[in-house]
Amino acid sequence: AMGGNHTQPEFILLGITDTPWAQAPLFGLFLLIYIVTLAGNVGLMVLVWVAPSLHTPMYFFLAHFSLADVCYSTVISPKMLTDLLFGNKTISWAGCVTQFHLFALFVTAECHLLAAMAYDRHVAVCHPLLYVTVVSPRACRRLVAWSYLVASLSALVYTSCTFGGSFCGPREVDHFFCDASPVLRLACSDTRGGEVVTFALATANGLGTGAVVLLSYGRVLHAVLGTRSAPSRARAFRTCASHLVSVSVFYGTLFFTYLQPASRHGSRDKVASVFYAVVSPVLNPFIYSLRNKEVKAALGKCRRRMLNHW
């Protein structure tokens with residue numbers, strides 16, 4: 001079925017905008033966001049690794065979440081930045097398939113990691129006495145392994161459904177990376193079967209993990225509002241609120257982009273995609289960690305240790 005692929009083995013990414021004066025400011029903005037994304041997420045991973053006080057399930061999940069953030073923003077941002085800077089917007093067939101596959105893998109893994117993190121908070125707040133046995137190091141490793149396993153299998157299905165047909169005619173992908181719906185629009189074979197499978201699997205992944213997140217935080221808020229002590233109520237409320245902000249940005253824009261029929265897709269998708277592909281990874285380390293006393297304390301300790309070392 002790959003018949004159309006040999007004649008013209010590359011795609012052209014039309015990018016975020018074709019307005020010439022907008023390219024340089026967008027390049028500056030997205031370069032800054034990408035640098036901060038790398039610094040924030042890699043910094044958090046290193047901190048969780050070196051600070052014994054952060055060797056807890058919550059930070060174990062957070063470190064993997066940061067790893068997924070780094071990976072999928074690296075799958076998208078460098079290519080987008082070079083396109084904005086040099087205006088060379090071609091991407092090879094293999095490059096396009098690889099980009100979409102890795103992107104789908106890490107975004108799906110992130111959905112499952114968000115569910116694991118929400119479940120962790122639920123057990124910590126609602127069943128504190130069972131916490132150590134339920135969320136054991138072994139259970140944490142299994143949850144992370146499950147996240148990557150489901151994500152790998154899902155990404156294989158998404159990729160084969162998206163690129164399995166034949167492509168003829170203009171190879172212009174109306175997006176800043178190789179995403180399913182703009183690529184499927186270029187297929188000249190019948191793609192309805194693949195679209196249905198992709199939509200069903202994306203819905204199962206998105207709504208399944210989204211339901212776990214909502215139920216967990218619902219339980220947490222219910223438990224928190226029932227506690228007598230105002231300070232602990234405020235603290236738990238703050239933690240949940242910041243997590244929910246991040247979750248809403250991520251899921252809201254994902255659902256907007258993927259849970260609608262192909263005919264409805266348009267330029268608004270690009271704006272939504274910028275949120276989960278570019279903005280969400282830069283916000284996460286700040287939302288999840290910089291407001292936490294544990295992270296601030298660990299940072300302070302590391303800083304003192306380094307100063308003493310010098």
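Biologist: How far apart are the end C-alpha atoms of residues 26-51?
Modeller: They lie 37 Å apart. The span is 96% helix and 0% strand. Helices are DSSP runs of H or I with at least four residues, strands are E runs of at least two, and both are numbered from the N terminus. This is a predicted model: local features need pLDDT of at least 70, side-chain atom pairs count only at pLDDT 80 or more, and totals for chains, interfaces and linings use all residues.

Biologist: Which annotation covers 26-51?
Modeller: "Transmembrane region", from an unreviewed UniProt entry. The record also lists 58-78, 90-109, 146-167, 196-215, 236-259 and 271-290. Positions are in the numbering used here, feature names are shortened, and annotations may be inferred rather than shown by experiment.

Biologist: What about 90-109, how much helix and strand?
Modeller: That span is 85% helix and 15% strand. Its end C-alpha atoms lie 28 Å apart.

Biologist: Surface next. Which residues make the nonpolar patch?
Modeller: Val42, Val46, Trp49 and Val50, with about 390 Å². Patch members have over 30% relative accessible area and no salt bridge; like charges are joined within 9 Å, and nonpolar side chains (Val, Leu, Ile, Met, Phe, Trp, Tyr) within 5 Å. Areas come from the Shrake-Rupley method with a 1.4 Å probe, and for residues only the protein chains shown count as cover.

Biologist: Where is Val46, and how exposed is that residue?
Modeller: Val46 is in helix H1, residues 20-50. Its relative accessible area is 42%, so Val46 is partly exposed. Buried means under 20%, exposed over 50%, and partly exposed in between (1.4 Å probe, protein chains only).

Biologist: Which residues form the positive patch?
Modeller: Arg235, Arg238, Lys293 and Lys296 gather there on the surface. Helix H8 (230-258) and helix H10 (293-309) each supply at least two of its residues. Lys and Arg count as positive, Asp and Glu as negative; His and chain ends are not counted. A charge is placed at NZ of Lys, CZ of Arg, CG of Asp or CD of Glu.

Biologist: Where does Arg235 sit, and why is it called partly exposed?
Modeller: Arg235 is in helix H8. Its relative accessible area is 46%, which is why it is called partly exposed.

Biologist: How many salt bridges?
Modeller: Four. The rule is a side-chain nitrogen of Lys or Arg within 4 Å of a carboxyl oxygen of Asp or Glu.

Biologist: What does Asp174 pair with?
Modeller: Lys270, at 2.9 Å, N to O. Asp174 is in the loop between strand S3 (172-173) and helix H6 (180-184), and Lys270 is in helix H9 (residues 268-290), so the pair ties together parts that are 96 residues apart in sequence. Asp174 is partly exposed at 35%. Lys270 counts as buried at 13%.

Methods
Residues are numbered from 1 along each chain as its sequence is written. Side-chain values use heavy atoms; hydrogens and water are left out.
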